[in-house]
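Work through the following exercises with the structure in view. Each one gives a task and then a solution in steps.

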Amino acid sequence: MTTDGINLRELSLFVLLAVEKDKEYCSAALAAVLDKYQYLSKQERGFVTRLAEGTLEKQIELDYIIELFSKIKIKKMKPVIRCILRMGVYQFKYMDAVPDSAACNEAVRLTKKKGFGNLTGFVNGVLRSVARNLDAIPYPKEGKNPLYALSVKTSIPEWILAQWGRDYGKEKAKSIAEAFGKESRTGVRANRMKISPAKLKNALRERGFSAEPAVLKEYPDFDYAMYLSGYDYLSAIPEFLEGMFFVQDICSMLVTHLARPKPSDYVIDVCSAPGAKSLHAAEWVSGGGFVEARDISEYKTSLVEENIRRCGAENIRTKVWDARMRDEDSIEKADLVIADLPCSGLGTMQKKPDIRYRMTEEMEKSLALLQREILNVAADYVKPGGTLVFSTCTIDRMENEENAIWFLEKKPEFSLDMERQFFPDEGEYDGFYIAKFIKNQRKL
C-alpha cells in the first residue's frame, strides 16, 4: 500500500526497526513516524499503527510460524529481514482485508529496497509457504508443555506466564494472558473544573466521535470516565486542546477516586509525570486544597506543566525532586501522598506491546527495591490521620502485595485501608494494583 510515493508498510517497518535495533519504545517510534507524515489519512495512519503494534504484540507467535518454514532461525536473521517476515505473516493471519499476494509482493519489494536483493527469493519462499499452509499450522499441544503452548498462543514470554502461575494459579494466569489479546480502548476523564461529563459526552458525539461512559458497578459514583473512539488526532479535538478532558486509563483514575481527597487537602504526588493523577487530585481539592506534583527531572515536570496549562488548573504546582531523597520541609505536611511508582508495567501490554520483551526478572527485582526506597521516604510526608496511596501498573506480587506487606512491617504507624490487584480479565480494567494506607493518629 502506497500513498504519494510513501509505502505504508515501510513506515511500519521504520517503527519495528526502531524498537528492534535502536531499543526505542514503540509508542515513541510510532508517534515520530506519524508526526512526520501528518498528511496521511486516518485510514492510512490506522494501517501503519495496526501493522506495527500488531506485529509486536504477536511477535512470539509470528516467530514460531516463521521457523516452521524457514531453515534459518529467527535469531540468525538480519533485523530488517526478521521484521519484514513478521509483518508479512501478521498480515496473512490478522489483516483479512489485505490479500496474501499483496502482503507477499510488498515484502519482497521492501527487502530489495532495503538493500537485500539477494534475499528476495528467501523472503518470497518463506512467506508463500506460510500463506499456503496457514490454516494447517501445527500449534504446540498444551499437554506436552502447557507454558510454551500458552506463550505461543498469547505471545507472552514464558517467564511472565510462570510468574503469574506461581502468584495467582495456572488457570488465572491463562485467563490473564488471553485477556491481553482484547482490543485496547482510549479512556478519557472529564475535567469537571471545566465541563460536566454529560456535556463533554454530548460535545464529542456532536463531532462524530463515539464517547461511551465507562460504567463500574463496584464504584457507582465513578461517573466521569468514558471511552473515546472514532477520532483522528487528539490534537485536532477542540475539547482536548481546551483541557476539557484528560486521556487516562480507568485504573489510573481509580487511584485518586479511591484515595478520596477532601476539598481542603494538601496532596503530594511523588512521581507525577505526565500529571494525570495530580490533575485529578486537583479537581477533588478545588475547595481550597493544593497539589504538589513532583518528579525527578525538569523534562518530566515540564510534561506536567504542559497539562496543567491545557487543563487550566490553578491549585497545583510542580517541583523537581528525586522521590528517593527525603524532603525535610515536607515531613508530616500532606493529607494525601500519591505514590504511583516505577514498575515493570506488565499490566499495560495491550497499549504497550513491546514492554513484554523489554522486561526481565532481574529488572523486576530492581524495581521492587526502588519502590521500597520511595515508599520509605514518602511515608514521612503523611500527616497523622492522613493517607498514602501506593499504585503500580503491573501484575506481580513481588512489586505489589509483597511490598505492601514490607511497608506495613517497616511503618507500623500505618494500617491497610484497602488493597486490590486489578486484572485485565475482569471487565474494564488493565493490570493494575492499588493499596491505600492510613497513618494512625497520635495518642494524646
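**Exercises on salt bridges**

D340 has a relative accessibility of 18% and counts as buried. The model is a predicted one.

**Exercise 1.** Describe the salt bridge between R86 and D63 and classify both residues by accessibility.

*Solution.* 
- Step 1. The closest N and O atoms of R86 and D63 are 2.7 Å apart.
- Step 2. R86 sits in helix α5 (residues 79–94) and D63 in helix α4 (residues 59–69), 23 residues apart.
- Step 3. R86 has a relative accessible area of 5% and is buried; D63, at 14%, is buried.

**Exercise 2.** Do the classification for the pair E178 and K153.

*Solution.* 
- Step 1. The side chains of E178 and K153 form a salt bridge of 2.8 Å, N to O.
- Step 2. E178 is in helix α10 (residues 170–179) and K153 in helix α8 (residues 146–154), so parts 25 residues apart in sequence are tied together.
- Step 3. E178 has a relative accessible area of 35% and is partly exposed. K153, at 45% relative accessibility, is partly exposed.

**Exercise 3.** How many salt bridges does a search of the whole structure find?

*Solution.* The search finds 39 salt bridges.

Terms used: Residues are numbered from 1 along each chain as its sequence is written. This is a predicted model: local features need pLDDT of at least 70, side-chain atom pairs count only at pLDDT 80 or more; totals for chains, interfaces and linings use all residues. Side-chain values use heavy atoms; hydrogens and water are left out. A salt bridge is a side-chain nitrogen of Lys or Arg within 4 Å of a carboxyl oxygen of Asp or Glu. Helices (H or I, at least four residues) and strands (E, at least two) are DSSP runs, numbered from the N terminus. Buried means under 20% relative accessible area, exposed over 50%, partly exposed in between (1.4 Å probe, protein chains only).
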